[in-house]
Amino acid sequence: MKIIAVANQKGGVGKTTTTVNLAAALAEAGRQVLVIDLDPQANASSALGVTVTPGRSLHGILTGDENARSFAEQIQPTSTENLSIVTAELDLAGCEIQLAADEHRLTRLRRVLADYRDSQPPVEFVLIDCPPSLGVLMTNALAAADSVLVPLQCEYLALEGLAKILEMIERIKQVSGNGALALEGIVLTMYDARTNLSQQVVTDVRGYLGQKVFETIIPRSIRLGEAPGHGKSIIAYDPVGAGAQSYRELAREFVVRQG
């Protein structure tokens, strides 16, 4: 079981879109995938068509509520074969305050996932959709993860944001004790081949990080934006479109990189 945190401390970069659609593409290819929605906005949950209901997030588990369901009991199926989810809800935002004074606040999710890995037939990949802010929730995800996948939009200031993300990863490795945390790779999103800016960002990021940047580039697509409103991944919503094809290509490249 490999745990991948999908993270970027900047919002609007295609983070949830990448989490949902990479998971769906991996599931379509026969891989067992679990999505953990750790963003209080619960966009990954709704994008996969799963109703957000009270008590089904990780809030109780992370805050030590004795009446909370176990992690395994929180896992729900989706309409996509091989793909399951732990949904989010707004109460996750309360973790920031409730865990502020807890000395183990950074490693609670790591312990939960370690127990799950040991006690259950594990899935192959766990993708954690992180909130777009460096707080307790994102820190827990990075402390629990084996690697970090960073969606990066092909827009102005992308490189500046990338430097902050890499700095953040190094900081988490130090403060959480997760020294093995690795950069899974950079996924370039919202690419518009008609603009010089998108092309320049691709050139600059690849020049900066080389093979850590995935070859597959996710195009800017109206269909990708529409799919979450229908509670579907792009694989289900527009299976032959450019967005679906790009995420299938990303899934193939992702699997090859696992060796």
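Student: Why does Asn82 count as partly exposed?
Tutor: The relative accessibility of Asn82 is 21%. Buried means under 20% relative accessible area, exposed means over 50%, and partly exposed is what lies in between, with a 1.4 Å probe and protein chains only. Asn82 therefore counts as partly exposed.

Student: What are these values computed from?
Tutor: This is a predicted model, in which local features need pLDDT of at least 70 and side-chain atom pairs count only at pLDDT 80 or more, while totals for chains, interfaces and linings use all residues. Residues are numbered from 1 along each chain as its sequence is written, and side-chain values use heavy atoms, leaving out hydrogens and water.

Student: Where does Asn82 lie, and what is its phi?
Tutor: Asn82 belongs to the loop between E3 and E4. Its phi is positive, about 75°, although Asn82 is not a glycine. Most residues other than glycine have a negative phi.

Student: Is Ala42 buried or exposed?
Tutor: Ala42 has 6% relative accessibility, so it counts as buried. Its phi is also positive, near 60°. Ala42 sits in the loop between E2 and helix H2 (43–47).

Student: What makes a stretch a helix or a strand?
Tutor: Both are DSSP runs, numbered from the N terminus: helices (H or I) have at least four residues and strands (E) at least two.

Student: How do you know that E2 is largely enclosed by the rest of the structure?
Tutor: 5 of the 5 residues of E2 are buried, so E2 is largely enclosed. Val33, Val35 and Asp37 are on one side and Leu34 and Ile36 on the other, which covers both faces. In a regular strand the side chains alternate between the two faces of the sheet.

Student: How many residues of E5 are buried?
Tutor: In E5, 5 of its 5 residues are buried. One side of E5 carries Phe125, Leu127 and Asp129, the other Val126 and Ile128.

Student: How many residues of helix H7 (residues 136–144) are buried?
Tutor: H7 has 9 of its 9 residues buried, and is mostly covered. Among them are Val136, Met138, Asn140 and Leu142.

Student: Which strands does E2 pair with?
Tutor: Two strands pair if DSSP finds at least two bridges between them. E2 and E5 have 5 bridges, in the parallel sense, and E2 and E4 have 4 bridges, also parallel. Leu34 stands opposite Ser84 in E4 and opposite Val126 in E5. Asp37 has Asp129 of E5 as its bridge partner.

Student: How many bridges join E1 to E5?
Tutor: There are 5 bridges between E1 and E5, which run parallel. Asp129 in E5 is the bridge partner of Val6. E1 (residues 2–6) is also joined to E6 (residues 147–153) by 3 bridges, again parallel.

Student: What makes E3 and E8 edge strands?
Tutor: The open sheet has 8 strands in the order E3-E4-E2-E5-E1-E6-E7-E8, with mixed pairing. Strand E3 (76–77) and strand E8 (213–219) each pair on one side only.

Student: Why are helix H1 and helix H12 called roughly perpendicular to each other?
Tutor: H1 (residues 15–28) and H12 (residues 242–257) pack at an angle of about 75°, with their axes 8 Å apart. Angles under 35 degrees count as roughly parallel, over 145 as roughly antiparallel, 65 to 115 as roughly perpendicular and the rest as oblique. H1 and H12 are therefore roughly perpendicular.

Student: Which residues make the contact?
Tutor: Contact means heavy atoms within 4.5 Å. On the H1 side the residues include Asn21, Leu22 and Glu28, and on the H12 side Arg248, Leu250 and Phe254. The contact of H1 with H12 has 8 nonpolar, 3 polar and 2 charged residues.

Student: Are Cys130 and Cys154 buried or exposed?
Tutor: Cys130 has 0% relative accessibility, so it counts as buried. Cys154, at 3%, counts as buried too.

Definitions and conventions: Axes are lines fitted to C-alpha atoms, for helices over the stretch in contact, and angles run from 0 to 180 degrees between N-to-C directions. Ala, Val, Leu, Ile, Met, Phe, Trp, Tyr, Cys and Pro count as nonpolar, Asp, Glu, Lys and Arg as charged, and the others, Gly among them, as polar.
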